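Take a look at the structure before reading on.

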Amino acid sequence: EKFVCAEHLKAAREIGRKSIVLLKNTTDILPLKADVKTIAVIGPLANSKRDMLGCWAGSGVNHNKIVTLLEGIKSAVSLTTNVLYSKGCNIIGDSTNMFNEAISLAKQADVVVVAIGEGGEMSGEARSRAYINIPGKQEDLVKELLKTGKPVVVVLMSGRPLTINWLAANAPAILETWFLGTEAGNSIADVLFGKYNPAGKLTMSFPYAVGQIPVFYNYKSTGHSDYKSPYGSRYTDIPNDPLFPFGFGLSYTKFEYSDIKLSAKQMKMTDSITVSVTVKNTGCYDGEEVVQLYIRDLFGSVTRPVKELKGFRKVMIKKGASTDITFVIKQSVLAFYTYDMTYKAELGDFIAFVGTSSADCKEAKFALVE
């Protein structure tokens, strides 16, 4: 019981909601209102305690302490809200026998929350998958729920990035919640109903297809890496860029970045440059933003990545307010193992990127000189 004491549960809930990544919210379905009249909670992961833990959980875990999504939603809504539940289908398998019940409940609801993805034991050690699509008939279930015309929020649980092209194109709202542990249901409900404004960012890129893997932001530049040119390397059937890039994550509010300001255009080995940017909350909610700094070394004795994450700041910005974010670049930030395996910075030109993800940045050039 000492592992599931009140203090630990409070920390687990806080860590859980900070780990959630909002992938899509195009029609501002989220956050939901706690006094919604009727909500349908559907999906094989909506009320599965063991799957909330994922693969790496202690063998002595007390399952009675695990909060499912259904339980978290019931605790979050008003006393007058009617919460309906249907499993809809299994995680794995081809049966659609439970579809009709799920569709019937969805038609009765004002909003639908559907929990799909991988089972808790589908990722982890010795759990590789040749295809990383959503298993079973779960995506088909979502398609049927969308046909009802009701607002649908997809809660995606997984231990890895999945190929979710159809969901990304058609579902109005998607939350990637991973496997959040004992307090999973409460953590997700906190985000769904706006008690916590999501600020999580992806630590892994989501690919369009398995054939695109490995796909990562800090790839090396090559002679044909400019796939936008007529002679660049590219796929003929999918984009080169990932579906969701490293560092990506939305908020219920909006953030606007100013252009980058550099304290100097050149620096010596013993100097430093301050990179600054102003971030303004232009939306309707207070929110946290993870401001990210990337660097590109344009000329190196060995090939260098097109971008490298070198720093980040997580800041709370009130709606309508602005804040100045600064990063200090020293030669140690620019160092790498050179052709002779010496760890050092090399003279030359660099680009500093600051933004909300690896694919959405402002940029400015500077040089390291003698």
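## A covered helix and its surroundings

Helix α6, residues 184–192, is mostly covered: 9 of its 9 residues are buried. Among them are Ile188, Ala189, Val191 and Leu192. Keep in mind that this is a predicted model.

What covers these buried residues? Just after α6, Gly194 takes a positive phi of about 80°.

Now the nonpolar cores. In soluble globular proteins, nonpolar side chains tend to be buried together. The largest nonpolar core here has 39 residues. Leu30, Leu32, Ile39, Ile73, Val113 and Leu192 touch the most other members. At least two residues each come from β2 (38–42), α2, β4, β5, β6 and α6. The largest share, 5 residues, comes from α6. Another core, of 33 residues, lies apart from it and includes Ile103, Val152, Ile174 and Phe244.

Leu30 shows the packing in detail. Leaving aside neighbours within four places in sequence, Leu30 is in contact with residues including Leu22, Val153, Leu175, Leu192 and Tyr252.

Aromatic rings come next. The structure holds 8 aromatic pairs. Tyr337 and Tyr343 form a tilted one, 4.9 Å centre to centre with 55° between the planes. Tyr343 counts as partly exposed because its relative accessibility is 48%. Trp178, Phe206, Phe244 and Phe248 form one aromatic cluster.

| Lysine | Ring | Distance to ring centre |
|---|---|---|
| Lys143 | Trp166 | 5.1 Å |
| Lys307 | Phe353 | 4.8 Å |

Definitions and conventions
Residues numbered from 1 in each chain as written. Predicted model: local features only at pLDDT ≥ 70, side-chain atom pairs only at ≥ 80, totals over all residues. Heavy atoms only, no water. Buried < 20%, exposed > 50% of the residue type's maximum accessible area, 1.4 Å probe, protein only. Helix = DSSP H or I, 4+ residues; strand = E, 2+ residues; numbered from the N terminus. Core = buried A, V, L, I, M, F, W, Y, C linked by side-chain atoms within 4.5 Å. Contact = heavy atoms within 4.5 Å. Phe/Tyr/Trp six-rings, centres within 6.5 Å; stacked < 30°, edge-to-face > 60°. Lys NZ or Arg CZ within 6 Å of the ring centre and 35° of its normal.
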